[in-house]
Amino acid sequence: MTQTLQRQLTPRHITFMALGMCIGAGLFLGSASTIQLAGPSLLFAYLFGGAMIFIIMRALGEMAAHEPIAGSFSTYAHKYLGPFAGYLTGWNYWILMMGVGIAESTAVGIYMKAWFPELPQWIWAFGSVAMIGGLNLMAVKVYGELEFWFALIKVLTVVLMILGGAAIIGLGWGNGGHPMGLSNLWSHGGWFPNGVTGMVLALPVLVFSFGGIETIGMAAAEAAHPERTIPRAVNSVIWRILIFYVGALFVIMAIYPWNALGTQGSPFVTTFAKLGIPQAAGLINFVVITAALSSFNSTMFSGSRMLHSLATKGQAPMAMGRLSAQGVPVSGVLVTLVFLLFGVLMNYLVPGRIFGMMMSILAFNTVWTWGMVLVAHWRFRRQQPVPLAFRLRWFPLSSVICLAFLAFVLVMLGYSADTRVALYVGVVWLALLTVGYRVGGIGQRMRVASASA
């Protein structure tokens, strides 16, 4: 058996891994509900939220390019903030990946029922868990290739929608040759039809559409030439995501009045149908299934690697740290797989509620992860005697602004009754982890592991 993770992920793999996690079912089917909150001002919200995520990714990328180690932000928190911070961050991220994985496998079941309504939802959820779990037991290069093709399907769909929408707006395709123009963006209550409050309320919702971009950091330990790969991926992914999200939503709201969206299903379906593609609903259903499998694939990868990292520091059972001959943490994959089967059971018991339940309680975990990236980076920067080649610009002001933004997101989570449960569940989870650390002897095992290293 090998003792180290294998560096087989190329820049192409890592770039599309992050794109795959961020361009998900929310953009294809859930964008209409976010538009109802803010109207056209959602574009400004995405630009601001994207700037905040870029700060987080530059901070993480700076550490990952300098120290491309397993566990990424959990290991950085362990090293720069202390073992307890690293323990909380690692296990918090693992449970986040489990929740996202359950939600995405549920999404597969929901969308497959559109084609096979006679089969129960849990069958498809189980099939997706088995398939993605099996693929993640192979060499990491197999995972990277699979994720590349999954993500490429989504990217091409968004690009085609933007180009087709631009043809409707500027050339009148699908509209009798009459260009639509851009007036829909301001003709139904202006850019801020629900006031600045509408845009502010949309911020916490849209920020989590960027969730998963931190996969770039998790992949650093298995990236070829990380000193070049990671900076390139960080700098390219964020503007591509902004183009896809802002570009797609700009086109959609230019073609359709914002207050009419959501009444006819997915805006992507109606746009492709307007271009004369009668199979639009089936096409988008296929793409959304692919999007869910792509995100699920990345959660399996990130969850198993986090378990491996925790085990090497004595924060998880030592078996989780063992690697196969191909450099795959097989035990971590299998344990992650077993917990994801819990989602299959939930799909059997409460198929109509599980997707919303999981997504409503994961917001706190995401904010915690991003916050720990920024705080660990602060300590990391203080310990660097010489300037780094890849740096977060305008530090420390940029970090302070971004931390304030994350604090604001937490406040908004508590403000809304729909998302308040995330705070309750998050605090309870951290309390349980703390009890496990103090009472379960994890701190003692960590000292033993450090002494034997």
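This briefing walks through a few local features of the structure, grouped by topic.

The model is a predicted one: local features need pLDDT of at least 70, side-chain atom pairs count only at pLDDT 80 or more, and totals for chains, interfaces and linings use all residues. Residues are numbered from 1 along each chain as its sequence is written, and side-chain values use heavy atoms, with hydrogens and water left out. Helices here are DSSP runs (H or I, at least four residues), numbered from the N terminus. For burial, buried means under 20% relative accessible area, exposed means over 50%, and partly exposed is in between (1.4 Å probe, protein chains only).

**The salt bridge**

- There is one salt bridge in the structure, the term meaning a side-chain nitrogen of Lys or Arg within 4 Å of a carboxyl oxygen of Asp or Glu.
- The partners are Arg-381 and Glu-62, with 2.8 Å between the closest N and O atoms.
- Arg-381 belongs to helix H16 (residues 363–382) and Glu-62 to helix H4 (residues 42–66), so the pair ties together parts 319 residues apart in sequence.
- Arg-381 counts as buried because its relative accessibility is 13%, and Glu-62 is buried too, at 1%.
- As background, side chains of opposite charge can pair when their charged atoms come close.

**A greasy patch on the surface**

- Phe-44, Leu-47, Leu-182, Trp-186, Trp-191, Phe-192 and Val-196 make up a nonpolar surface patch, with about 630 Å² of accessible area together.
- Patch members have over 30% relative accessible area and no salt bridge; nonpolar side chains (Val, Leu, Ile, Met, Phe, Trp, Tyr) are joined within 5 Å, and like charges within 9 Å.
- The areas come from the Shrake-Rupley method with a 1.4 Å probe, and for residues only the protein chains shown count as cover.
- Trp-186, one of the patch residues, sits in the loop between helix H8 (140–171) and helix H9 (195–207).
- With a relative accessibility of 45%, Trp-186 is partly exposed.

- Buried residues in helix H5 (residues 73–81) include Phe-73, Tyr-76 and Tyr-80.
- Helix H6 (residues 83–112) packs with helix H18 (residues 420–439) at an angle of about 130°, and their axes are 10 Å apart.
- That angle makes H6 oblique to H18; under 35 degrees counts as roughly parallel, over 145 as roughly antiparallel, 65 to 115 as roughly perpendicular, and the rest as oblique.
- The axes are lines fitted to C-alpha atoms, for helices over the stretch in contact, with angles running from 0 to 180 degrees between N-to-C directions.
- Thr-434 is in helix H18 and is partly exposed, with a relative accessible area of 27%.
- Thr-434 and Leu-88 are 346 residues apart along the chain, yet 7.7 Å separates their C-alpha atoms.

**The H16–H17 loop and helix H17**

- Phe-395 and Pro-396 are joined by a cis peptide bond, with omega about 5°.
- Pro-396 is in the loop between H16 and helix H17 (397–415).
- Trp-394 lies in the loop between H16 and H17 as well, and its phi is near 60°, a positive value in a residue other than glycine.
- Trp-394 is exposed, at 70% relative accessibility.
- Cys-402, in helix H17, is buried at 0% relative accessibility.
- The C-alpha atoms of Cys-402 and Gly-49 are separated by 9.6 Å, with the two residues 353 apart along the chain.

Note on methods. Helix = DSSP H or I, 4+ residues; strand = E, 2+ residues; numbered from the N terminus.
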